[in-house]
Structure formats: structure tokens, C-alpha cells
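Trainee: I would like to go through this model with you, one topic at a time. Could we begin once it is on the screen?

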Amino acid sequence: MKENTTSSSSAKRRYRGGSDEECGREIRGAEEDEDEYTFEIPPPKKAAPERLKRWRQATLVLNASRRFRYTLDLRKEEEKENIRRKIRAHAQVIRAAFLFKEAGQRVPHGTSVGLPVPGGGYGIGLEQLAAMTRDQDFSALQEYGGVKGIGKLLKTNLEKGCGGDDSEILRRRNAFGVNTYPRKKGRSFWIFLWEAWQDLTLIILVVAAAASLALGIKTEGIKEGWYDGGSIALAVIIVIVFTATSDYRQSLQFQNLNEEKRNIRLEVIRGGRRIDISIFDIVVGDVVPLKIGDQVPADGILIAGHSLAIDESSMTGESKIVHKDQKAPFLVSGCKVADGYGTMLVTGVGINTEWGLLMASISEDNGEETPLQVRLNGVATFIGIVGLLVAVFVLLVLLVRYFTGYSKNTDGSPQFQGRKTGFSATLDGVVKIVTIAVTIVVVAVPEGLPLAVTLTLAYSMRKMMLDKALVRRLSACETMGSATTICSDKTGTLTLNEMTIVRAFVCGIPVNQPNDSQLIHSIAHALLIEGIAQNTTGSVFMPEGDGAIEVKGSPTEKAILSWGVKLGMDFNDARSRTSVLQVFPFNSEKKRGGVALLLRDSEVHIHWKGAAELILASCTSSLNLDGSVQPLDSDKVIEFKKNIEDMAAVSLRCVAFAYRLYEMESVPKDEEELTRWTLPEDDLILLAIVGIKDPCRPGVEDAVRLCTSAGVKVRMVTGDNLQTAKAIALECGIIDSETDATEPTLIEGRVFRALSASGREEIADRISVMGRSSPSDKLLLVQALRKRGHVVAVTGDGTNDAPALHEADIGLAMGISGTEVAKESSDIIILDDNFASVVKVVRWGRSVYANIQKFIQFQLTVNVAALVINVVAAVSSGTVPLNAVQLLWVNLIMDSLGALALATEPPTDHLMHRTPVGRREPLITNIMWRNLIVQALYQVVVLLSLNFGGKSILRLKDGSVDHADKVKNTFIFNTFVLCQIFNEFNARKPEEKNVFTGVTKNHLFMGIVGFTLVLQILMIEFLGKFTKTVRLNWKLWLASIVIGFISWPLALIGKLLPVPKTPLAEFFAPLCRFCKCWARRNEAANGPENNGQEDAHL
């Protein structure tokens, strides 16, 4: 069989790239002249590390190492890329050295390269195979007898593959290794513990705790003196351990998701059958079919192929397409099939491949900077700066009061009395003041914001996996919540992808029973079988005995091959009767595929199949009932077109089969010319037109209706006939009625493509269905919609869909029918190819955004209340009602426990009854501000009233002053915490009046609330020595509960207050513009010469 390496027509199906400065990534255009297209698979969406560095340097950040602990580690990313470059360079140096040595010491003709060293009972050893493949040693391959010789040495039948029994697979694994590679171990818990400890504020607190501990033991003895310092140290340790545990758990979860992404499913030929296996189960000696869009799963040698082109950029680092044939047969693991198809013999797996070596040398951390994280870092930075200023102010006020004698002891005497006060007492007083100020910073800096993002993303990713959606890019979870339109494929997404031929026109007449071969003329039958068997990438396995026939391939190929089998086709016999001269692989641009066959009598047949109306347009004649050829007149053409339209109107996919004779003398004789031969596609003879039924998926109409009610417009973009697309659109509810099915609501791809850029933008909003579209049409539609301000989600499965998936805001690849190239360019993989799963992704995307907003509302309420209470108390009385340990406990409730409770709220139906979140909608809405102000104001008023008049309000004047102060401060602390617990329920539903809907179903939320309450009781009743609290009687407990409970009806009353439609942020627009200008100047100052710095610390 002669091989074809390239095709001039297929070379036109390519895209050139533009540049998207904002995202730091390439985008693909489709408006250039087709003849100038060059194939490039778009890189995954990813902001350049240099842009992230500049952004971080332009941002004023407090505790940058802690703040960015959930985002991309730029230093590690740079190290990873350096390792990649070294391994690539190493492999290329070895190969170059080998070729140089071979040129100088060429083996004389007729001598042998040496007998192969057997391994594991095979005629060739692991080292010989690895060396030959790694060095791409073509002369060694020839010495072994080419790919056929290697196949014999590996005991593999190149057509039927190796045996599929477990014992043989085990022997091959033992002899040649497994297709896995040693993973770098993830970071241990102790590393996360060390990183959590790096927080500057916590370090200051530990130093303050050590000083307090030393002073306390010195003045009060070890029995009583260690409580102050020890309690602060213990609280800090709890915060560190909880933070490290949370980080570690998320790290494990991301590792599991990465493992799932690496587990690619593919076909291999074993025992003459095509079977689906995991990429990890491939062994040396396997025969693997490759088609456009696949990833090369292991190192190997090409057995046979047509127009096979490989993108080796993943290994070489250069976007270069390499054509493979018998002169260049070596295939490298990890590369992508850019064009054509073929079969390969696996010769190297796992760590014995360059790809395995590369993957074993790098760790795959999921460190991605998402848009929401960027926005939250800005919010956290602003709040942190405010908190720092407040803490400095409190520090100065307390120091001034202390040294001027205004700070009093419980007996009314000044704490500092000049020279009368000893150095130790003075130092102890200053340390306590510094501790209070630092603790205010701890509470004020909302470290829980990045934690909340990570928790909600991780939770959503885990739940989305259960809903058949694998997230490849974290930011897609957020962006999906803002999607305003979904451009969906038809086949397999809106339909079941279970295709069967239900109608057929053969020799110009309808065949009522399309599977009955008796109704088809023998000449037409022979030609149809010939075309079906050879013009396909599928296969038919016919087992011995009574076993069921197995048909493999794409759904369309399976339907056609199954029809051929029912017509009496013997697949292997039909293929053996002719030899393939040239192949034009099916592509979605031309919507047809062809093959040139040499018959035994030296006659040449060229078979075509594809979109019915396009094949019909290339036909000049048709086959008659008696097997004769009759020219196609206009009446016959109209009749055929009517048949196609009738089938399309009942949602059948129409495929036509045609052929033509060709003179053997006109076929190129030279092999190189033959590979460049373009198959003629004119003067065809029509053989048959068939209608393939692919029913709509159950529930897809409800899913489309739900999207519409949620403000998300669903558009169908399909390569099928416009009438077929219209029928399916009506069935799915994408188009409401026949009256709506007019242009441009219903439009053909070529019509849309012919419009100018402004014309496309003008009608893009009105398009609901695009039929006979090419991937470039889908790309143009995405670009037009984005220019109109839409947030676009796109589904795709083919390699040519990669540019549109890459250009869209959210690319959704199909997990079953999608190619590896499409999956690489996507953000989310829909594992069951179901549109209902796409709608679930929208639901989860909105849930992510909503959960973050819930947590922000909750946290800012605590921030405002704690800061105002402590600042007012410190300025007015010189003391604060909430001490360091108590504030650290509040910080734990506010940050870690609060984030865990609110960031894991499941999505509700309410989310799908509101419009999408706009690109520029403020993170903190006016509704959130209203809720926040109502709750914070209530807490501040009540707690300050208790701080200044608590003794009289609580009737505490009977006991000692010291005890009364402790009871009052304990009551304030207890009431403050209970207010947060009650307010946590309010934060669940910022817009709804009933905040308890579904609360009992969220077991994690109820568990965290219960856990927080139990710990609070333990702290008040049993850990008073550590927290500086005293036990409260049941009346005070009841009073605290009542005060906290009032926040519920208060929240209900607050939601009755109207809010302005204009976002509050717009009132501060001038200040924001000033900050942006300042940031840009800062970025300009920190130019390329400062790129080595990771962050700018305050």
C-alpha cells in the first residue's frame, strides 16, 4: 500500500493567528485568504507569566506570600519551563550527535547492525527499541527489516495487533515497561504547615506571645504566668494548622483532577478487534489507529497512513508540522495528529519515551490566576490597608494613653507611673498593646477571601465531575456563570449520537427497506460495498462462530458500516479486493471524503461520500435500475434535491455516495507525485442517498427552556443541512415556530461568511441556527458575538473546532466524540456529550460567583463590626473588649470556618431565574451593601452600648470591679460570636427573604455551625484562663442568644428597604481611576529589569 503524506486541498483548512494583548494569548482568525492558511493548533488559554509578574508588582499587597498561596507560583512555573527546555535540548543533542557519528562511520552496505538482544522472550530488547526510536535511527530500522521486521520481533501481527489475553499483556509489561511515569510527589502536609507559618502577622504574634510568656513567668511564676503568652501561641498554632490542613486537602483534590485529565481513552487493535482502553494500559507491540486530533499515546513506528501530519510542538517547543510516511516513520509520544490518519506500532512506553521523561521531571500544579481571584485580591488589599491604618492608629492611641498615665488598672491606679514602673512591667504593657494592634491587623486582613475562592472552586469542580463535566481551567467555573449565549453543536450534544440509516434512495428510486440487498441492483450493490468498505476510518470485526459483529468508528461511520453489513458486506474481503492509491480524509470544511482504488483488472475507481447536496452538485450522471449510467438532467436534479429536503425536514442527516472511473495512465507513477495528487471530484456518478436518524436527547428541550429563562440564548451551529438543523431546532425549542425560521434567524454558514465584519456583528444577535457551517464560520460567529459584548460558551468536538473553542470565553469539548486537540483547547470537557450537562455547568458557574458574594458579605460584616468596636473602645477608654485570643478565634470563624460553610453551598433553582452576571458588574452589589450595613450597624450599636454601659445594663455592680469587667467583656465576646453564627444563616440568601430554604440538606453548613457553637461554649465555660473569660450564667447566655437571634428578623426587615440601581462603586469612580493611573505608573516603573521580583510587599 502506498502512503500519502500531504494533500494540497487539505492544506487549505488552516488558521492563522492574531494577537490578543489583553489575555496574553494567540487567537485564530478565519478571514485571511484560504491559500495562505498554515496549520497551527491553538495553545491552551493562559496568561503569560510576565503579565502576572507585572500585575503583582503594580499591586500593593499585604502578606503577599500568604495572599497568593492559591494562585500561580511564578517561580515554579519558570523552573518547569526551564526543565522542559533542558530535556528537549538534551534529546536533540543526542540525536544530532548520533546522526553526526553515523555520517562519519556509515555501516558498509551488506553488513549488519548486530543481532538484537532478546528480552522477555521477544526478538528485540528494550534498549535496542528505545535507542532506535529515541535517535530516530532509520538505518537501524531498515536493518531490522522495517516495521514488518520489528513487528515479527515483537510477535505482533501488523493488521490484527498483538494477542489480547492478560498473560501476554503482562509479559509485555514486564519486558518493556508500562505506559506510566513516576510522578513527582505532591507537597507534604509539613510543607503546607511551613508555608502557613510564613504569614508576617502570625510571626509577629508568636514573637509577642514569646515575650508575654517570658514576662508572665518571670512576674507571676510558671504556674499562672504562662496563660497570657501560651494562649496566644496556642491560638496562632490552631490557625496555622487549620490553614495548612485546608490547603493540603485542596492540593490533593487538584492532584486527583489532574490524574483524571491525563487518563485519555483510545482505541487499540488486539486480536483483530478494536477495543477501548486507557492510555496507561498501552504496551509495546500494540497497534494503535490514529486520526486527526488524537494524541500519540507512546513512541512508535508508522505502519500505514494517509496524509498523516504530526504537530511536534509539545516536544520541540516549535509550532511545526511534520509529515510522516515510510521515509519518516518515527512517531513521538505526546504529539498531536494534525491531519490524516494511520496506524502505528508501539515501540516505547512510559519512562522510556522522551514524553515520559519530560512528564516525570515536572510537577503539574494547578496554579491558575482566575479573574475572580484577581478581583478579590484587590478587595483584600484595600481592606488590608484600611485595617493596617486602623491598627497603627490604635497602637499610637494606646501607647500615648499608656505612657501619659491614662491607662488605668482595675483599682483605678495608672498602669504606667514613670520611674516607679519597672522595666519588666513597662515592657509587658507595651507587648500587650502591640499584641492588640497586631491582632486587629489579623482580623482586618481578610485572608479568607482567597481561601473561599479555592474552596468554592474545588467544591464546584468535584461536584461538576459528578455532573459529567471535567474542569480543565479553574477560571471557566467563574466565567460560565456570566455566559450570555451558548453556541452548541447538534450531533451528539443536542442529539443522542445513536445513528441508523432509516431511508435510502439507490439508483434513483426509494428503497422502502434500506437493509434489503435484494432491492438493489448487483452493479450498484458491488460499487456501494466497495465504497463503504474502503472510504472509511471505521472497522468491522467479524468473530468466528456466532459472536456479534462489532462495528467501530464515529457514529456516522458506524451507521454506514452497519448498513453495509446488513447489505451483505464482508468487510475484510471487500478491502482485500482493491488497493488504496490515495486518500482524501473527510474534513468539516469540504464536508466530504474520498479514496482512489486500484482494482485487480487495473481499473481505477474514485469513491466520494459526504453531505448529500454537495456531492449531488458534483455529479453529472447517476446509476440506473439496470446498472447503466444515465446523465443527470435538471428534472432529475430537482427530484433528488426534493428527496434530500424531504428527509432533512424530518430531521434526517443526508449522506450521498458517488464514484467515477479514472484512467490508470493519468494516475501519477512517481510515489512523491502520487502523494501530492488531488483526487478529482467532478463528473461523479451518483450511487445512493441515505437518511440517517439521530434522535434528540431526552430532556434537551427542558434544558434549552431553562437556559432561556436564565437569560442565556442557545444557538445551534452545525455542519448539517439547514433543513435538518431547522427540524432539530424546532424539536429542541431553540426556534419556537416555523414563522421564526427565516433568515437571519436561520442562516447558512456560507451566507454568514460572505458578509463583512460589521455585517456579521449586526446580525449575530439574531442568529439561532447556522447550518452547513464550517469551523471557520463558528469562529467568525464567536468573534462577532464577543464584539457585541456577549460572554460566549462554545461546544466542539473536532480538531478544526479548536480555534473557536480557544477564542470563546468558555470552550466546552465533548468527552466521548471530542478529539484530544479539541480537549486541549477547551476549558471544560463534557464527559457525556450531553447538552443538559452544559446547562448544569452554567448552574455551577453561577453558584461559584454567588457563594463568593455570600462569603464577602459575611466577612465584611465581621470586619466592620470588629474594627469599629475595638477602635472606639481603644480611643475612648484605652482598653479593648476583645483581646488577642478572642480576636484570633473570631478570625478563625470569619476566615476558615466561614469560608468552608458558605463556599460549599449547592446551587439552587433561584440562580437560574436571574440574568447572567455582567462582565463589569461590581463584586459587592448594592443589595450586599444594604445587608452588610444593617447587620454591622446593629452589632456595633449593641456591643458598644454593652462596652460603655454593660455593668448597669447587666446589673453587675454588686461584685468586685475586676470581676464585673471580666463578665462584661466575656458577655460582649460571647454576644459578638453568636451574632456571627446567626448572621451566617443570613449570608446564605442575600436576596431571598427565607434564609432557611434547604439549610437542613447542607450537612456541611449545619456541621460547621454546630462545631463553632460547641467550641464557643467550651471556650466560655472551660477555657477561661486561656481566653481571659469567665463563666456566664444561663440568663446571660440567653441574653446573648436573643441578641444574636434578633439579626434574623432584622435581616428580613432590611430586605424590604429599596436599593438604588446605580452601583455604589460608580460613586467612587474618580478614586478608582486615580488608583488605576497610580498602578500603571507603578507597573511602568517596575519594567522588565525588575521582573525577577515576585511580589511587591507593603
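Predicted model: local features only at pLDDT ≥ 70, side-chain atom pairs only at ≥ 80, totals over all residues.

Trainee: Let us start with the rings. How many aromatic pairs does the count come to?

Mentor: The count comes to 17 aromatic pairs. One of them is formed by Phe-189 and Tyr-248, with 5.9 Å from centre to centre and 75° between the planes, an edge-to-face arrangement.

Trainee: Where do Phe-189 and Tyr-248 lie in the chain?

Mentor: Phe-189 belongs to helix 8 (residues 189–197) and Tyr-248 to helix 11 (residues 227–262). The two are 59 residues apart, and the pair links distant parts of the chain.

Trainee: How accessible are Phe-189 and Tyr-248?

Mentor: Phe-189 is partly exposed, at a relative accessible area of 22%. Tyr-248 is partly exposed as well, at 25%.

Trainee: And why is the pair of Phe-1045 and Trp-1048 called edge-to-face?

Mentor: The ring planes of Phe-1045 and Trp-1048 stand at 65° with the centres 5.4 Å apart, and the pair is therefore edge-to-face; the cut-off for that class is over 60 degrees. Phe-1045 has a relative accessibility of 42%, which makes it partly exposed.

Trainee: Which residues form one aromatic cluster with Phe-1045 and Trp-1048?

Mentor: The cluster also takes in Phe-982, Phe-985, Phe-996 and Phe-1005. The ring of Phe-1005 has a charge over it as well: the charged end of Arg-988 sits 5.5 Å from the ring centre. Elsewhere, Arg-592 lies over the face of Trp-608, at 6.0 Å from the ring centre.

Trainee: Back to helix 8. Which of its residues are buried?

Mentor: Phe-192, Leu-193 and Ala-196 are buried in helix 8. Viewed down the helix axis, the buried residues fall within an arc of 105°, so they line one face of helix 8.

Trainee: What is on the other side of helix 8?

Mentor: Trp-190 and Trp-194 are there, and both are exposed.

Trainee: Which residues make the nonpolar surface patch of about 340 Å²?

Mentor: That patch is made by Leu-213, Ile-217, Ile-222 and Trp-226. Ile-222 is located in helix 10 (residues 222–225) and is exposed, with a relative accessible area of 63%.

Trainee: How far apart are Ala-211 and Leu-427 in sequence and in space?

Mentor: Ala-211 and Leu-427 are separated by 216 residues in sequence, while their C-alpha atoms are 8.8 Å apart. Ala-211 is part of helix 9 (residues 200–220), and its relative accessible area of 27% makes it partly exposed.

Trainee: New topic, salt bridges. How many are there?

Mentor: The count comes to 35 salt bridges. In one of them, the side chains of Glu-267 and Arg-274 meet at 3.3 Å, N to O. Glu-267 is partly exposed at 21%, whereas Arg-274 is buried at 16%; the cut-off for buried is under 20%.

Trainee: Are Lys-823 and Glu-820 buried or exposed?

Mentor: Both Lys-823 and Glu-820 are buried. Their side chains form a salt bridge of 3.5 Å, N to O. Both residues lie in helix 30 (residues 820–825), three residues apart, about one turn of the helix.

Trainee: What does the pair of Arg-843 and Asp-909 tie together?

Mentor: Arg-843 and Asp-909 meet in a salt bridge of 3.2 Å, N to O. Arg-843 is in helix 31 (residues 835–877) and Asp-909 in the loop between helix 32 (884–902) and helix 33 (926–953), so the pair ties together parts that are 66 residues apart in sequence. Arg-843 is partly exposed at 22%, and Asp-909 is partly exposed at 48%. Salt bridges with shared partners also join Asp-489, Lys-778 and Asp-801 into one network.

Trainee: Finally, the backbone. Where is Pro-744, and what joins it to Glu-743?

Mentor: Pro-744 is in the loop between helix 25 (722–732) and strand 24 (746–748). A cis peptide bond, with omega about 10°, joins Glu-743 and Pro-744. Most residues other than glycine have a negative phi, and most peptide bonds are trans.

Trainee: What is the phi of Lys-155, and of Cys-507?

Mentor: Lys-155 has a positive phi of about 60°, and Cys-507 has a positive phi near 55°. Lys-155 lies in the loop between helix 6 (146–153) and helix 7 (166–176) and is exposed at 51%. Cys-507 lies in the loop between strand 12 (500–506) and strand 13 (509–511) and is buried at 6%.

Terms used
Residues numbered from 1 in each chain as written. Heavy atoms only, no water. Phe/Tyr/Trp six-rings, centres within 6.5 Å; stacked < 30°, edge-to-face > 60°. Helix = DSSP H or I, 4+ residues; strand = E, 2+ residues; numbered from the N terminus. Buried < 20%, exposed > 50% of the residue type's maximum accessible area, 1.4 Å probe, protein only. Lys NZ or Arg CZ within 6 Å of the ring centre and 35° of its normal. Arc of directions from axis to C-beta. Patch = residues over 30% accessible without salt bridge, like charges linked within 9 Å, V, L, I, M, F, W, Y side chains within 5 Å. Areas by Shrake-Rupley, 256 points an atom, 1.4 Å probe, with all protein chains shown as cover. Salt bridge = Lys/Arg side-chain N within 4 Å of Asp/Glu carboxyl O.
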